[in-house]
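Here is a short report for a reader new to this structure. Look through the sequence and the model, then read on.

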Amino acid sequence: MTRVVLAQLGIDTHNVARSLILDAFKGASLETVDLSLKNSVDDIHRAVLEEDVDAICLGDKAGLAIDMVPQLVEKLRQSYTAQGFPINEIPPIVLGGTIY
């Protein structure tokens with residue numbers, strides 16, 4: 001079964017789209033690790049490593065993605081490299097919301 005992390009970045013508290021996506025994922029039989037609102041890079045990084053997910057879905061209406069997503073990618077790169085995994089096995093990141 002496909003496992004997906006679903007999270008809102010930083011201070012973002014916009015919940016409507018996240019709730020709709022969560023329902024759509026459940027309807028598509030995707031196993032969803034819902035981190036809910038106000039997540040840090042460390043929160044998402046930890047969940048990706050602990051939950052062994054296939055994809056990362058992030059929402060951002062607060063304009064934080066421009067800083068947070070590159071930080072997340074770098075942390076994942078470092079973790080995967082340190083564990084001996086190729087970086088092309090890092091789960092894809094899907095980003096939605098207001099992207100600046």
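In strand E3, Gly59 is the bridge partner of Gln8. Helices (H or I, at least four residues) and strands (E, at least two) are DSSP runs, numbered from the N terminus. This is a predicted model: local features need pLDDT of at least 70, side-chain atom pairs count only at pLDDT 80 or more, and totals for chains, interfaces and linings use all residues. Residues are numbered from 1 along each chain as its sequence is written, and side-chain values use heavy atoms, with hydrogens and water left out.

Strand E3 pairs with two strands, as the table shows. Two strands pair if DSSP finds at least two bridges between them.

| Strand pair | Sense | Bridges |
|---|---|---|
| E1 and E3 | parallel | 5 bridges |
| E3 and E4 | parallel | 5 bridges |

Cys57 stands opposite Val94 in E4. From E3 the chain crosses through helix H3 (residues 65-82) to E4, and this β-α-β crossover is right-handed. That means that, with the strands pointing away from the viewer, the path from the first strand over the helix to the second runs clockwise.

E3 is largely enclosed by the rest of the structure, because 6 of its 6 residues are buried. Buried means under 20% relative accessible area, exposed over 50%, partly exposed in between (1.4 Å probe, protein chains only). Ala55, Cys57 and Gly59 point one way from E3. Ile56, Leu58 and Asp60 point the other way.

The largest pocket has a volume of about 210 Å³. It is lined by 18 residues, and the closest to its centre are Gln8, Ala17, Ile21, Gly59 and Gly96. On a 1 Å grid over the protein atoms alone, a pocket is an open set of points where a 1.4 Å probe fits, with protein on both sides within 12 Å along at least five of seven lines; lining residues have an atom within 4 Å of a point. Grid points are joined across faces, edges and corners, and a volume is the space filled by probe spheres set on the points.

Now two single residues. Leu9 lies in strand E1. Leu9 is buried, at 2% relative accessibility. Leu9 and Met68 are 59 residues apart in sequence and 7.7 Å apart in space, C-alpha to C-alpha.

Ser79 lies in helix H3. Ser79 is buried too, with a relative accessible area of 14%. Leaving aside neighbours within four places in sequence, Ser79 is in contact (heavy atoms within 4.5 Å) with His45 and Leu49.
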